[in-house]
Amino acid sequence: MRKILILIFIFFISISNSLSKIVYLDVQYIIDNSNLGKFYKKKIKSNENSALEELKNKEKIISTKENDIKNQKNILKKEEINKKLLELNNLVKDYQKLRKKNNQDIIQKKKEYSSKILKLINPILTNYVQYNKIDIVIDKKNILVGIKTLDITKEILAEVNKITKEKNLINEN
C-alpha cells in the first residue's frame, strides 16, 4: 500500500511539474557492494569466525565435563556429583552469556559500519543532486516499478569507491 501511494505521489509530481527530476537509489546495494562495505563485511566475518571458534572450544569443554559426570555417576558420592553438576551448569551459563554477548557485538558492529558508510554516502549524494539538478532521490526499496535510467546506484557506488580510495579508508580501519 505504501509503495502504491509513493508511486501515485511521484506520478502527480511528474504531471504537475514536468521539469522536475526524480531518481532512485539502492542504498543497501551500495552498503553491500562498495569496497568499504566489502572490507567491513570481511572484518565482521573474521570476528564471527573467531567468536564461533571460542564457542566451539567451550562446547567441547562442556561436553567433556558432561561425559565425565555420566561416567562417574555410579562411582562418586551424591555430594560430589551435585558439585560437578553445579560446575557444569555454571559453564553452560557462561557459554550462553558469551554467545549472547558475541551476537550483540556482531549486531553492533554491523550497525556501526553501516552508519560509517551512510555518513560517507550523504555528502556524495548531496553533491550529486546539486550538480545534476535533481529534485527528489527515493530509496529503491520504496519503488515498485521504475525506468532503469532513473537508477543512480552505479554512479554513487563508483563515487563511494573513489572517495574510499582517495581517503584511504580501508587501510585506516
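The paragraphs below go through a predicted model, from its overall layout to its strands, its cores and its pockets.

The chain has 173 residues, and 26% of them are buried. Its secondary structure comes to 6 helices and 2 strands. In sequence order these elements follow the pattern α-β-α-α-α-β-α-α. Among the contacts with a separation of 6 or more, 84% join residues 24 or more positions apart.

The strands come next. Strand β1 covers residues 22-25, and strand β2 covers residues 136-139. The two pair in the parallel sense, over 4 bridges. Within this pairing, Ile-22 stands opposite Ile-136 in β2. In a regular strand, side chains alternate between the two faces of the sheet. In β1, Ile-22 and Tyr-24 are on one side, while Val-23 and Leu-25 are on the other. These four residues are all buried, and both faces of β1 are covered.

Nonpolar side chains tend to be buried together in soluble globular proteins. In this model, the largest nonpolar core has 22 residues. The members that touch the most other members are Ile-30, Leu-36, Leu-120, Ile-121, Ile-156 and Val-160. At least two residues of this core come from each of β1, α2, α3, α4 and α5. The largest share, 7 residues, is supplied by α4. Val-160 shows how parts of the chain that are apart in sequence meet: leaving aside neighbours within four places in sequence, Val-160 is in contact with Ile-30, Ser-34, Leu-120, Ile-121 and Ile-124.

Asn-161 lies in helix α5. Is Asn-161 buried or exposed? Its relative accessible area is 18%, and because buried means under 20%, Asn-161 counts as buried. Apart from neighbours within four places in sequence, Asn-161 is in contact with Ser-34 and Asn-35.

The remaining topic is empty space. Rolling a probe the size of a water molecule over the atoms shows where such space is left. The largest pocket holds about 180 Å³ of space. Its lining consists of 13 residues, and those nearest the centre of the pocket are Gly-37, Lys-41, Ile-44, Lys-110 and Ser-114. Two or more lining residues come from each of α2 (27-33), α3 (35-72) and α4 (78-132). The largest share belongs to α3, with 6 residues. By class, the lining of the largest pocket has 5 nonpolar, 3 polar and 5 charged residues.

The second largest pocket has about 150 Å³ of space. Which elements give two or more residues to its lining? They are α4 and α5 (153-166). The largest share, 5 residues, comes from α4. The residues that line this pocket are Leu-120, Pro-123, Ile-124, Asn-127, Tyr-128, Glu-155, Ile-156, Glu-159, Ile-163 and Lys-167. They divide into 6 nonpolar, 1 polar and 3 charged.

Notes
Residues numbered from 1 in each chain as written. Predicted model: local features only at pLDDT ≥ 70, side-chain atom pairs only at ≥ 80, totals over all residues. Heavy atoms only, no water. 1 Å grid on protein atoms, 1.4 Å probe; cavity = no way out; pocket = protein on both sides within 12 Å on 5 of 7 lines; lining within 4 Å. Points joined across faces, edges and corners; volume = space filled by probe spheres on them. Nonpolar A, V, L, I, M, F, W, Y, C, P; charged D, E, K, R; others polar. Buried < 20%, exposed > 50% of the residue type's maximum accessible area, 1.4 Å probe, protein only. Pairing = 2+ DSSP bridges. Contact = heavy atoms within 4.5 Å. Core = buried A, V, L, I, M, F, W, Y, C linked by side-chain atoms within 4.5 Å.
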